[in-house]
Amino acid sequence: MGHWLAAARSVQAAGHLTRFDPRFWTVDFPRPMMASVVTTAPDGLRVDAVFYRKGDLAGLIWDSVDRWDHPLTSYDTDRDYRGCVLSFRWRSGGIVALDAVNGPTLTIEGRDAGGAPRAWYVRLWNYAVGTPEDARVTIDFDALEGGFTLPGEADPVFAGDIDRMFVSLVPEGYVEGSAEPIGVVEGWAELTDMACTGPRSVLTIGECIVPEHRLRIATGYDDAYNQTPARVMRNIELLGYRGVINHYVGMSHYFRLEHASGGLYVSLSGGVLNAPCLAWHRDFAALVAASGRSVIWSLSYELFDEHCWGDWKQRATDGSPALTGWVPPSTLLSPAHVGAMGYLRVVAQAFAGIALEAGLPMRFQVGEPWWWVRADGTPCLYDAAAVAAFGGDPPVIASLKAPLGAAERALLDAAGALLAASTAALCEGVREVAPNVETLLLAYLPTILDAGMPEAKRANLPIGWASPAFDVLQLEDYDWAATGNVGASARGAAAAEVRLNYPRERQHYLSGFVLRPDQAGQWHAIAAAAEAGRARGVAETFVWALPQVLRDGFVHFEEEEDDVQAFDDVRFPLALGREAEVMPETSTAILTSASGHERRNVAWGSARTRYDVGPGVRSETDIAALLNFFRARMGPARAFRLQDPFDHRGEDEAIGTGDGSAMRFPLVRRYGASDRRITRPVAGTVEVRVDGALAGGWTLDPGGWVTFDMPPPVGAAITASFEYDVPVRFAEDRLTVSRATFLAGEAASVPLIEVREA
């Protein structure tokens, strides 16, 4: 399979979009309030919001720059709105009405006619006809004025250079900047019969359709909450992702909250999911069902720390809570706490209800359930509920990186059994709502199988998860995949397979992801990991996740040669003697001046070798073997291995120097200032040394790459000794060998040519 990082649209297909298309609005808001936007029709949208403080404000945003779509599916930037007229029907409830102070205001951010940055505040009521909660609004950008009262406070808008605009929605009693609680206030607004007319009302938008492929996509609500589900699904469709979507419902945007002890904590008061989350996921599920896809609904034990009840949290021996590295942090729910696990149970049931309502089969993933382990190896096994479950006085494990005794190992086994029981109960809760649910477990291998904490798997990959506890085992290893640590990925998958005994047809693999834009180069390794996962024979392979795919312009496609091997991993069948001809060739342009001086330009970085292996044909049996081999390779179509009788071993070849982060190094044969990449080493012959010492903890990957489990130290000299074959092909489309030639003692000509693979 292939991939491409698209920076911008060029020759790809494009269509047209009417400005203010409902699919491309977004929402934004400050925590802890929540809001979402969904499309209700081709010309309509709805915003749902829940407010907890007097100063909460949601913005319904139209951006002149497409910041959320893939480069091949995004709309073009056009900041000039002159000549445009936007009209829509406005209806709302639970928010300050159009005619009131702090009523819905269109804030326009851009520059004035002189190029100076500024903002205008357009009161929608000034352009409305109807009632404060049901009106027709018309915005003529050529005759638009900010200000509360017109014409007295008129502030003419320059519409020729606008970055973005947003409509503000606030609760009754709104006080700008106030954190004073107002209880729980739900509000909504609908814009319907939307139309934009005028000479600049149409934008160009990418409509590149990537052919359907076998890679699946993962996404999550915490990343897509601000966009419409229609926009999310449009990108999934156009980028060629079919089949199932792995959707993480998140840890920070789905819950309801209640005021308690000066804070806001997750609550079941009034329902399970907050209104914006419920509206978003109902629309998402309906669109998925209409597309013929299905959803794996993923729920984890992770919860936004600020809103988590204190006794629900996993804790270390010193009482401090388990906190992730996100900013602000999330925490992990204790598998021993009845209230925490009961809460997850009803959340899972709520999403099952959404799936069934849309007519989707229920597929439920327990996502990365574990006992949190800090970077220093401290396990968070000591919250009050866990301590009680472990008998009241469990042994203290200071660090999983230190040697453990029998009592400590027994505690980890007990923790694993408790974790497995909690996941089984969670799946059983979903089964109460959806009896035919497919259950899946997602395990994150780099942490669970950390070589520095060999006993961690007792607690975090418990035997209680062994088949048939779940229908599908999903494995994720993005720390390894993104850094190209192929060996760790392969060993981790094998270890999980042995421990839990899921056949590969009941496994999924999640590859990726790229955390930051400046790490986009990791996509190459991620694509390779996805291909390796697929080659392993798992049922589905996913890339994690859609937001990063869109941000970095990742495009996956199936290459025509996927099903046709251009290289057959077999050796030339005849032994070569000293009679074989070996002819290294270079490409050098030599310019001789009138004075006889030369200028030499080298076109190739290293020599390419030609061979004539005809002298190796010594009998009629050899002729038959040669002809069969030629036909099997379809002549020059398929390359193969050849052992050069004069040059097939490298001794202590320098292949790299440690920099503290690099883990992959290519095998190289050195010829003074010239190098030769070795892509076909002979299995079992490779030895690697780091600063002269024989090294372990590495894997030989396809293409002649040495991949270490851990980066070699800074400045360490990395060398390798190995035998190797040369990748070659037949040089011609026909082969002429006759019995008469052989009997006359003449050597047939069988030309081969080296194939460059890297």
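Trainee: How many residue pairs are in polar contact across the interface of domain 3 and domain 4?
Mentor: Three residue pairs, both residues at pLDDT 80 or more. A polar contact here is a pair of N or O atoms within 3.5 Å; within protein, one must be able to donate a hydrogen and the other to accept it, and residues adjacent in sequence count only if both atoms are side-chain atoms. This is a predicted model, where local features need pLDDT of at least 70, side-chain atom pairs count only at pLDDT 80 or more, and totals for chains, interfaces and linings use all residues. Residues are numbered from 1 along each chain as its sequence is written, and side-chain values use heavy atoms, with hydrogens and water left out.

Trainee: Which strands supply the side of domain 3 that touches domain 4?
Mentor: β30 (567-571) and β34 (608-612) each supply at least two residues of that side. The largest share, three residues, comes from β30. Strands (E, at least two residues) and helices (H or I, at least four) are DSSP runs, numbered from the N terminus.

Trainee: And salt bridges between domain 3 and domain 4, what is the count?
Mentor: One salt bridge. The term means a side-chain nitrogen of Lys or Arg within 4 Å of a carboxyl oxygen of Asp or Glu.

Trainee: Where do the domain bounds fall?
Mentor: Domain 1 is 7-206, domain 2 is 216-556, domain 3 is 567-644 + 730-754, and domain 4 is 649-724. The bounds come from an automatic or database domain assignment. Nine residues from domain 3 and six residues from domain 4 make the contact, where contact means heavy atoms within 4.5 Å.

Trainee: What area do domain 3 and domain 4 bury between them?
Mentor: About 610 Å², with 33% of it on carbon and sulfur atoms. In domain 3, Phe567, Ser606 and Arg641 lose the most area to domain 4, together 51% of what that side buries. Buried area is the accessible area (1.4 Å probe) that two parts lose on being put together, summed over both.

Trainee: Salt bridges again. How many in the whole structure?
Mentor: A search finds 54. One of them joins Glu540 and Arg216, at 2.9 Å from N to O. Glu540 is in strand β28 (residues 540-544) and Arg216 in strand β17 (residues 216-220), so this pair ties together parts 324 residues apart in sequence.

Trainee: Are Glu540 and Arg216 buried or exposed?
Mentor: Glu540 is buried, at 16% relative accessible area, and Arg216 is buried at 14%. Buried means under 20% relative accessible area, exposed over 50%, and partly exposed in between (1.4 Å probe, protein chains only).

Trainee: Which residue does Glu531 pair with?
Mentor: Arg534, the closest N and O atoms being 3.2 Å apart. Both residues lie in helix α11 (residues 523-535), three residues apart, about one turn of the helix. Glu531 is partly exposed at 29% relative accessibility, whereas Arg534 is buried at 17%.

Trainee: New topic. Where is Gly553?
Mentor: Gly553 sits in the loop between α12 (546-552) and β29 (554-557). Its relative accessible area is 0%, so Gly553 counts as buried. Leaving out residues up to four places away in sequence, Gly553 touches Trp4, Leu5, Ala6, His70 and Pro71.
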